[in-house]
Amino acid sequence: PQSLRFREGSNELLIMQRLSGRGQKFNLILNKVDQLNSERKTLLIPMAEQLRRQAVVEGSGCMVERVFAVSAKSGRGLDAIRTFVQDRMPQGEWLYPPSQLSNVPTRVIAAEITRESIFLRSHEEVPYCSFVDTTAFKEQPDGSVRIEQTIYVETEGQRRILIGMVKDLSMRSRREMGKFLGKEVHLFLTVRMKKGWTEASRAFYDKMGLDLTDQLERIAPGLPVAVLPCSRRGAASEEVPG
């Protein structure tokens, strides 16, 4: 049970302090409650109170407006978040046609699907050190799509890890792209090691008008910003056709 308490000086508590320093109310979402047994579930309230104490600003009180305990995997508690957000959304006209799912190019969405597959498959440090670039997106005469992508990583060890799982990555990504596009997808992945790819990826997202990194740095400089879990538990390349 003690594992649900945050030690003083931990990233979680520091993030709460940084967010509170902005002078704006925010909401706290505790994820992965499905992984807690009955004994640990009783500790959710004390843990939430520990985090709330870090969000107290003199003269303004606690900056945490609401606390949600959810399971993104099972969907438990998500309806409460949807209702909370919906009730606070201002009324306005459609900024885009109702049928338009995104203002991001389809080839970028395809790259994000593959990057999501890397997150789900590798779990550890590799997802945070990888970048996916869609190098070709071609409609075929039979109505299918041929997509070629390059996955960049920083070290040879990371490249070898992804090469070992590239078939699984290709299968999942191809399936999800097919669902999104509504047509058959032929996916070809290449894994390359490239020093300094992080700066190239920042420029890539900047060109699309996405300044997410700068926004996160303003929220919590030097620290990761994420939903808090409630449980502890260039040269060579490889091409695999999908």
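Predicted model: local features only at pLDDT ≥ 70, side-chain atom pairs only at ≥ 80, totals over all residues.

Visitor: Thanks! Which residue does E49 form a salt bridge with?

Guide: With R52, where the closest N and O atoms are 3.7 Å apart. A salt bridge here is a side-chain nitrogen of Lys or Arg within 4 Å of a carboxyl oxygen of Asp or Glu.

Visitor: And where do E49 and R52 lie?

Guide: Both are in helix α3 (residues 44-53), 3 residues apart, or about one turn of the helix. Helices (H or I, at least four residues) and strands (E, at least two) are DSSP runs numbered from the N terminus. R52 is partly exposed too, at 24% relative accessible area.

Visitor: How many salt bridges does the count come to?

Guide: The count is 12. One of them joins R82 to D79, with 2.7 Å between the closest N and O atoms. R82 and D79 are about one helical turn apart, because 3 residues separate them in helix α4. D79 counts as exposed, at 55% relative accessibility.

Visitor: Which residues are linked in a network?

Guide: E156, R159 and R160 are, through salt bridges.

Visitor: OK, switching to rings. What sits over the ring of F188?

Guide: The charged end of R146, 3.9 Å from the ring centre. For a charge to sit over a ring, NZ of Lys or CZ of Arg must be within 6 Å of the ring centre and within 35 degrees of the ring normal. R146 also meets E148 in a salt bridge, at 2.7 Å from N to O. Elsewhere, K194 lies over the face of Y152, 5.1 Å from the ring centre.

Visitor: How many aromatic pairs are there?

Guide: There is 1 aromatic pair. The rings of F68 and F84 have centres 5.4 Å apart and planes at 70°, so the pair is edge-to-face. Rings of Phe, Tyr and Trp (its six-membered ring) pair if their centres lie within 6.5 Å, and planes under 30 degrees apart count as stacked, over 60 as edge-to-face and the rest as tilted.

Visitor: Are F68 and F84 buried or exposed?

Guide: Both F68 and F84 are buried.

Notes. Residues numbered from 1 in each chain as written. Heavy atoms only, no water. Buried < 20%, exposed > 50% of the residue type's maximum accessible area, 1.4 Å probe, protein only.
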